[in-house]
Structure formats: C-alpha cells, structure tokens
Amino acid sequence: MKYYLPLFAAVACVAQAHAAIPENIDRIFTNYLQLAEDLEPVLAEAKNRESAEAAAVKLNALLPRVYDARSELMQIEQLSPEVQAEVRVKYGKDMQQKWGKVYEQIFRLEHAKCYASPAFFTQFRALCMMLQQ
C-alpha cells in the first residue's frame, strides 16, 4: 500500500491544480475556445464570391458571440501567478491550435480581399476589429 501513496498524492495534486482556476474564468476560456471552433469553418467556407456571400450571413450570426467573448476576456482582472499557470496548462495548446486556424483563415481572406463580396467584407471587418481590441 505504501507504494501507492505517491500515486494518490500525484493524482490529488493534479485534481487540485485544475481546481485553482475559478469557475467563471474556466467558463470564459471554454467559451472562447468554442467560439474559435465555430468561427473557423465559417471563414473556411468562403472560397469565392458566391460562397463568401453565403458565409457572410453565418459570420454575422456569430459576431454577437465574438463581442461577448472579447468583452468577458477584457473584464478578467489580474490573475494570480498560480491561476495564470493553470490557465496556460489547461488552455494554452488548444488556444494556439484553434485560434491559429482562425487566424490562418483571416490571413487567407485578407489576401483574397474577401473575394470581392461587400456583404462578407462588412462582417469580416467587424470580426477583425473585435479581435484586435
């Protein structure tokens, strides 16, 4: 039994480590990651003028969530170093991967000049402005 004590202690430490993230902070980051998952396919859908026009409607529907998510992130006050470390461990890799895919699409669409779709350009510009804040 004494050989299992370190294992139980390690499991307890891991469980406590994730418990250090306050519930509201955890929810904010979870929602922000979900937003990236929802945005990326909408942006990827725009491949020509016609598909960009169709994607504009979907992007418009997502913009309130982008605004809300960014507002929530901006309202987070200074986190303790322990919580910052836990957030980095729990969300860092996913944040880089999922938002990296979103920004790949953004750069692609900037280069393609939004496929000359005025409707998509309007929504896209609003998205970019919100993400820059």
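Counting salt bridges in this predicted model gives 5 of them, where a salt bridge is a side-chain nitrogen of Lys or Arg within 4 Å of a carboxyl oxygen of Asp or Glu. Because the model is predicted, local features need pLDDT of at least 70 and side-chain atom pairs count only at pLDDT 80 or more, while totals for chains, interfaces and linings use all residues. Residues are numbered from 1 along each chain as its sequence is written, and side-chain values use heavy atoms, with hydrogens and water left out. As background, side chains of opposite charge can pair when their charged atoms come close.

Take R27 and E72, whose side chains meet in a salt bridge at 3.0 Å, N to O. R27 sits in helix α2 and E72 in helix α3 (residues 49–75), so this pair ties together parts that are 45 residues apart in sequence. Helices here are DSSP runs of H or I with at least four residues, strands are runs of E with at least two, and both are numbered from the N terminus. R27 has a relative accessible area of 40%, which makes it partly exposed, and E72 is also partly exposed, at 23%. On this scale, buried means under 20% relative accessible area, exposed means over 50%, and partly exposed lies in between (1.4 Å probe, protein chains only).

K98 counts as partly exposed at 24% relative accessibility, as does E37 with a relative accessible area of 36%.

What about the packing of α2 against α4? Helix α2 (residues 23–45) and helix α4 (residues 81–111) pack at an angle of about 25 degrees, with axes 9 Å apart. Axes are lines fitted to C-alpha atoms, for helices over the stretch in contact, and angles run from 0 to 180 degrees between N-to-C directions. The two helices are therefore roughly parallel to each other; angles under 35 degrees count as roughly parallel, over 145 as roughly antiparallel, 65 to 115 as roughly perpendicular and the rest as oblique. By class, the α2–α4 contact has 16 nonpolar, 2 polar and 8 charged residues. For these classes, Ala, Val, Leu, Ile, Met, Phe, Trp, Tyr, Cys and Pro are nonpolar, Asp, Glu, Lys and Arg are charged, and the others, Gly among them, are polar. With α5, the angle is about 155 degrees and the axes lie 14 Å apart, so α2 and α5 are roughly antiparallel.

Then there is the inside of the fold. The largest nonpolar core has 37 residues, and L39, L43, W99, F120 and F124 touch the most other members. Such a core is a set of buried Ala, Val, Leu, Ile, Met, Phe, Trp, Tyr and Cys residues joined through side-chain atoms within 4.5 Å. At least two of its residues come from each of α2, α3, α4 and α5 (118–132), and α2 gives the most, with 10. Overall, the chain has 5 helices and 0 strands, and 33% of its 133 residues are buried.
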